[in-house]
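I opened this model to look up two things.

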Amino acid sequence: MGTIDIMKTDTVMLDDANDAVVIIDQTKLPGTVDLLELKTAQQMWDAIYLLQVRGAPAIGVAAAMSIYVLAKGMPRDSFDSFYKEFTEKKQYLDSARPTAVNLSWALKRMDLCVQAHREEPVDEIIEALHREAVAIRNEDVEVCKKIGEYGVSLIKPGDGVLTHCNAGKLATVQFGTATAPIYVAEEKGYHLRVFCDETRPLLQGARLTAFELQESGVDTTLICDNMSAMVMKNGWVNAVFVGCDRVAANGDTANKIGTSVVAAVAKQYGVPVYICAPTSTIDMNTPTGDDIVIEQRKPEEVAEMWYKERMAPKNVKIFNPAFDVTDHSLIAGIVTEYGVATAPYTESLKEIFDKKNKVIN
Ligand code: MRU
């Protein structure tokens, strides 16, 4: 499988004939490019928890495809027995990770789809679920393209851009969110210089963003997380583009741990920070960042993973939150598929959803 071109292969795919969800296994990148088949609920849960598939939009698409694949094997004799198992499996998948709202958002969409078709035979409900999962996948591709088009209007040829974690094609089906403006800029011949934070402890920047940008021919420089102040002080960065796992109604944004540090440093050096956010990641039911549940992960990720030997003293206390919240006051704009929202976000995000509802209805 070593010959798979990650830029030409969807990060998440549905293999309907084989009753499987197929993902690029991100835990093996960049050394090995391998596809992984997910057939059981346990395999699907593990893939999300273990970050074999990761990044808010990709998690959402994987969850939608997963619940559809599982639904195909559920009882078809009555709606009640089907829906009982559907609900159990949905709740199980939803428990894999708490912060990225796309997981519960996609599963809720699939649930609403079941409810909308509840008077029909289960076979038809399953067909409707297939259409919904495919729609969620297709929307992800279109949304990222739009974010790329809006985002590129915020940069000029020759600019330096810094990004944290991986909000790239590997975090979505194709293109990415924070990388979409970079890819559009490349097509336009902007010749950007992109700085990738390595993103401790799981190194999504070093392993994934640096990999996919380099594969795409983008001028890429990898830096450790503690170097962003220096590159900004040197005047090498004109804009920061990052993704998000949940944007609250006031614009506070949860993204990979360290994003808020980058944003504070960027403020010090007058560099604008843009959050690239599909509306599927904006949670208007969460009023502020204080209401966002932050995932805590295993201490081994900090002390042992990626090291030949454990590098910290045994039994030392370790704090390992996967995300932090960047205050809305540090954010210059939230780039959505319906345009760029600016402060005050309580109003501009509402306007974005008004626009979305008009297009949909
Ligand atoms: O823990 P991860 O790797 O799933 O975290 C990913 C991020 O924080 C991304 O920036 C975010 O999900 C946006 S992806 C378009």
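The model is predicted. I then went up to the strands and found β7 (residues 239-242) running parallel to β10 (residues 273-276), joined by 3 bridges.

Next I looked up what packs on the sheet. Helix α5 (residues 122-152) touches β7, β10, β13 (333-336) and β14. I noted about 140 degrees between the direction of α5 and that of β13. Helix α9 (residues 259-268) also packs on the sheet, where its contacts are β4 (160-163), β5 (193-197), β7 and β10. The direction of α9 makes about 165 degrees with that of β7.

For the whole sheet I wrote down the order β6-β5-β4-β7-β10-β13-β14, which is open, has 7 strands and shows mixed pairing. At the edges I found β6 (219-223) and β14 (339-341), each pairing on one side only. Ignoring direction, neighbouring strands are turned by 25 degrees against each other on average.

I turned to the cavities and counted 2 of 30 Å³ or more. Of its 22 lining residues, Arg54, Gly55, Ala56, Asn166 and Asp245 are the closest to the centre. Two or more lining residues come from each of α2 (56-71) and β9 (253-256), and α2 gives the most, with 3. By class I noted 11 nonpolar, 7 polar and 4 charged residues in this lining.

The second largest cavity holds about 40 Å³ of space. Its lining includes Pro201, Lys256, Arg297 and Glu301, and I noted 5 nonpolar, 1 polar and 3 charged residues there.

Notes. Residues numbered from 1 in each chain as written. Predicted model: local features only at pLDDT ≥ 70, side-chain atom pairs only at ≥ 80, totals over all residues. Heavy atoms only, no water. Pairing = 2+ DSSP bridges. Helix = DSSP H or I, 4+ residues; strand = E, 2+ residues; numbered from the N terminus. Axes fitted to C-alpha atoms, helices over the stretch in contact; angles between N-to-C directions. Contact = heavy atoms within 4.5 Å. 1 Å grid on protein atoms, 1.4 Å probe; cavity = no way out; pocket = protein on both sides within 12 Å on 5 of 7 lines; lining within 4 Å. Points joined across faces, edges and corners; volume = space filled by probe spheres on them. Nonpolar A, V, L, I, M, F, W, Y, C, P; charged D, E, K, R; others polar.
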